[in-house]
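Have a look at the model first, then read on.

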Amino acid sequence: MSNQSNKILNTNITKLVNQPYKYGFSTNIEKEIIEKGLNESIIHLISQKKNEPNFLLNFRLKAYKKWKQMKCPDWSQLKFSEIDYQNIIYYSAPKLKKKLKSLDEVDPELLKTFEKLGISLTEQKQLTNVAVDAVFDSVSIGTTFQEELAEYGVIFCAISEAIQDYPELIKKYLGTVVPIGDNYYSALNSAVFTDGSFCYIPKGIKCPLELSTYFRINEKESGQFERTLIIADENSTVSYLEGCTAPQYDDNQLHAAIVELIAFDNATIKYSTVQNWYSGNSIGKGGIYNFVTKRGLSIGVNSKISWTQVETGSAITWKYPGCILAGTNSQGEFYSVALTNQYQQADTGSKMIHIGSNSRSRIVSKGISTGKSKNSYRGFVNITNKAFNTRNYSQCDSLLIGNQSNANTFPFISVQNLTTKLEHEASTSKIGEEQIFYFLQRGISIEKAIELIISGFCQEVFTELPLEFAEEADRLLSLKLEGSIG
Amino acid sequence: MNIKTPILEIKNLNVSINDIEILKNLNLTINQGEIHAIMGPNGSGKSTFSKVLAGHPAYKVLDGDVIFRGKSILSLEAEDRSHLGIFLAFQYPIEIPGVSNEDFLRLAYNSKLKAQGKEEIDPIQFLSLIYEKLKTVKMAPTFLSRNVNEGFSGGEKKRNEILQMTLLDPQLSILDETDSGLDIDALKIISNGINTFMKPDKAIILITHYKRLLDYVKPDYIHVMQNGKIIKTGNNQLAEELEQKGYGWLN
């Protein structure tokens, strides 16, 4: 339509979507830092700091060698300046005076930080039905409800703790779902990861609490390389959620994580993410580079892995949570809402690798792009030759708000077994001037209009989130998309 | 015997879009209880006229005034004009993906209540209200759960516009080619909806190309618009003449 009205519409929408980032504060705390740069001796130093067994040091060194031979992938739609890996701090940890006996002994400054983020670690104020592991820069600060969970045989702790206390589990499973050399960032993570969460759900146990990890990047020049490993033994069930925020800096910070999930016979893992890293300012300066490899292995018969993600933050998001459906009758799911604004770029989607017969997968992806952002869905559905009677359904919907944003869909489908049933649906819709005018003519304000459109558009995904977090996700999107007018 | 109360007074209205002047010195007064039909060739400014009244931001008013029930509305946003009681039935009703018709209608209804300082109604109260309204345009309740205009046939879209009009109960309704693309049955349903809706305190502007709508909804006046102004005004007889002779004979 006309330039004049486009301008009006865009100003309205810009006002609406450009809410200040409310987690942008940083915490001033004494910390221990390993100097910038990446080489073998830094890796030795990290391993030494963490007092790691030899097998893990070797794992890291092998990964580092691999990483040095690899190149940064360039197949995505993302545009960003080259990352100087020698200019990153790979280890930054708040200085701890002694080993903590209880969470109440954690540095009050840190407790305050997490409290400000809505995560209470002290006993009196803990959420009653969620166990939380809080990770600050390179280390885990503490985990709530550990004893209660232990009664059920559930292990939920920082991965660095698990390396000390359950080395045989780590040795057996670490790197089995996402191999060291899987991709450039997985090799980097495997070399330098510092902390993350570890969960083990024993046979026959339905985990009595929601498990949750909250990641916070605080240090300006440090990267965060977290590593999460969740193992659900036969007939067990677990629901896990991760959340993340970071202070507002002008420089970009690197976050390269790996999450590995393993589900044995009849086990179910539900993994949800609400990602709200700092996304950069209105001219695209600063923000987190989020390069993440998440993968689940449904190895058991009737096993099920379900990913749900709400991605609203980060300057760059590069992640494709996937499932290797190895078990007969195994199931994989991926539900995603990715919202990009201003100069954010998201290249995200899912991989479903069908190996077991009768395995089923479902992908529901909702991309919302506004401002000058770019939002791409990239998916890979692979039906291997011995996977009989498999089923995949993929749905990729894009919603463009305003007229300067960009949405793409790149579905790759490979079928080597003719007994499969596969569906792919895609749609693109736009909220432009005429839609908004229609709402306004009916007396509905622009805020209400966008809220209604967004919540309708995302409903299918939000219903997949654990109840406590569905609200959080709704709030998060609302925060980003409404409220500045009136 | 009865004193006429103007609902809408348009005075010397000049309007442009992208620096092209569309409406030129347009004058028109519409009183309560009147139905006015506006006819005219394509590109004569009829749709612009309807959007300007509703407050579409793309159009720039260069000169003149639009008075609605005694007050100028030119400085008001589309949303506020709607709350005052101006309704536009769109020529091409907009599809809104992911938003159910029920939510949309309830939100519109509650927005109006709120603007009038009245208490909003809950979804259950709303359902009983909307079920009644659905009957007036012969639409099935299943239509509420569908997304706004998405996948609607041409006739369903137009019926949805009339449903919204009935629900929001405006003082002034502008129906922009609500009859185009309708089969005879749908035209009858819509005309019936309009006639039932019309009350002595309301006014309706019908923008149309065809006489057949005017056979069902009888206007008090027919105006012919050409080059952004009204060049002729008459009664139903005028529609007959236009039907036979086209617009050429007016020049």
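In chain A, A:Ile316 stands opposite A:Gln345 in S17(A). This is a predicted model, where local features need pLDDT of at least 70, side-chain atom pairs count only at pLDDT 80 or more, and totals for chains, interfaces and linings use all residues. Residues are numbered from 1 along each chain as its sequence is written, while chains are lettered from A and ligands numbered from 1 in the order in which they are written.

**Around S14 of chain A**
- Strand S14 (residues 316-319) runs parallel to S17 (residues 345-348), joined by four bridges; strands here are DSSP runs of E, at least two residues, and helices are runs of H or I, at least four, all numbered from the N terminus.
- S14(A) also runs parallel to S12 (residues 287-298), again with four bridges, and two strands count as paired if DSSP finds at least two bridges between them.
- A:Trp318 of S14(A) is the bridge partner of A:Phe291.
- Both faces of S14(A) are covered, with A:Ile316 and A:Trp318 buried on one side and A:Thr317 and A:Lys319 buried on the other.
- Buried means 20 or more other C-beta atoms lie within 10 Å of a residue's own, exposed means 12 or fewer, and partly exposed is in between, with C-beta atoms placed from the backbone.

**S3 and S4 of chain A**
- Five of the five residues of S4(A) (residues 139-143) are buried, so this strand is largely enclosed by the rest of the structure.
- S3(A) (residues 130-136) pairs with S4(A) in the antiparallel sense over four bridges, and A:Ala134 stands opposite A:Gly142.

**A pair in chain B**
- S6(B) and S7(B) (residues 172-176) pair in the parallel sense over four bridges, with B:Ala89 opposite B:Leu175.
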